[in-house]
Amino acid sequence: MARRLQKKRDNLDDEYTILTIDQTRQVLSTLIYAWFPEGKRPSLPVTGAWDSIKLLGAVSDSGETFFLPCAENFNSDTTIRLLDALQTEFGEKICVVLDNTSYFTANAVQEFVEDTPIELCYLPRGSPELNPAEECWRRLDQALGNRLFDTLDELREAALTALDDIEPPNIFTYLCL
């Protein structure tokens, strides 16, 4: 991976910004109180429907971050909107390092970047430890841990506030460039 990204980076001019992107869902949980006999393990009913906030995020080679809340589930359209927003934020020339999830590799995404100066560089499958954006999500989980939010709006506000306070990781310590 590092060799492939280094080769791509060597072919890019200095105007390119390198970004790593990833996605997360933060689930709104419900606090459940129950009585159960001492020494017994309770079984509580859980539904398959979870309310959650969905976020796409990016970390740049200069240590900047960009987070985009999503109303719908992640798909190729949300990926294209993120790439477009990243170009608006960081300039037309971006090299985006991302994982191999289906909505990042979709034909619509490939067609969108075809006639743009956007370069995509995919991480090897099953290697989240190579993506610095994952570290932002880990720090977000720590910031929100052991807290109960009554509404999605409260969770969203707390998540976005916490993300503003997170010190972004240096992407080059992950990508070995």
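This is a predicted model: local features need pLDDT of at least 70, side-chain atom pairs count only at pLDDT 80 or more; totals for chains, interfaces and linings use all residues.
Residues are numbered from 1 along each chain as its sequence is written, and side-chain values use heavy atoms, with hydrogens and water left out.

In total, six bridges join strand S2 (residues 51-60) to strand S3 (residues 65-70), and the two run antiparallel; strands pair if DSSP finds at least two bridges between them. Strands are DSSP runs of E with at least two residues, helices are runs of H or I with at least four, and both are numbered from the N terminus. S2 and S3 form a hairpin with four residues between them, and in the turn I found Gly 63 with a positive phi of about 90 degrees.

**The sheet.** I traced an open sheet of five strands in the order S3-S2-S1-S4-S5, with mixed pairing. S3 and strand S5 (119-122) stand at the edges with a single partner strand each, so one side of each is left without a neighbour in the sheet. On average, neighbouring strands of this sheet are turned by 25 degrees against each other, direction ignored.

**Thr 17.** Leaving aside residues up to four places away in sequence, Thr 17 touches Ser 60, Asp 61, Phe 90, Lys 93, Ile 94 and Cys 95, where contact means heavy atoms within 4.5 Å.

**The helices.** I saw that H2 lies across S1, S2, S3, strand S4 (94-98) and S5, running at about 145 degrees to S3; angles run from 0 to 180 degrees between N-to-C directions. The axes of helix H2 (residues 76-90) and helix H4 (residues 107-114) come within 8 Å and cross at roughly 25 degrees, and H2 and H4 are therefore roughly parallel to each other (angles under 35 degrees). Ser 76, Thr 79, Ile 80, Leu 83 and Asp 84 in H2 meet Ala 108, Val 109, Phe 112 and Val 113 in H4.

Terms used. Angles under 35 degrees count as roughly parallel, over 145 as roughly antiparallel, 65 to 115 as roughly perpendicular and the rest as oblique.
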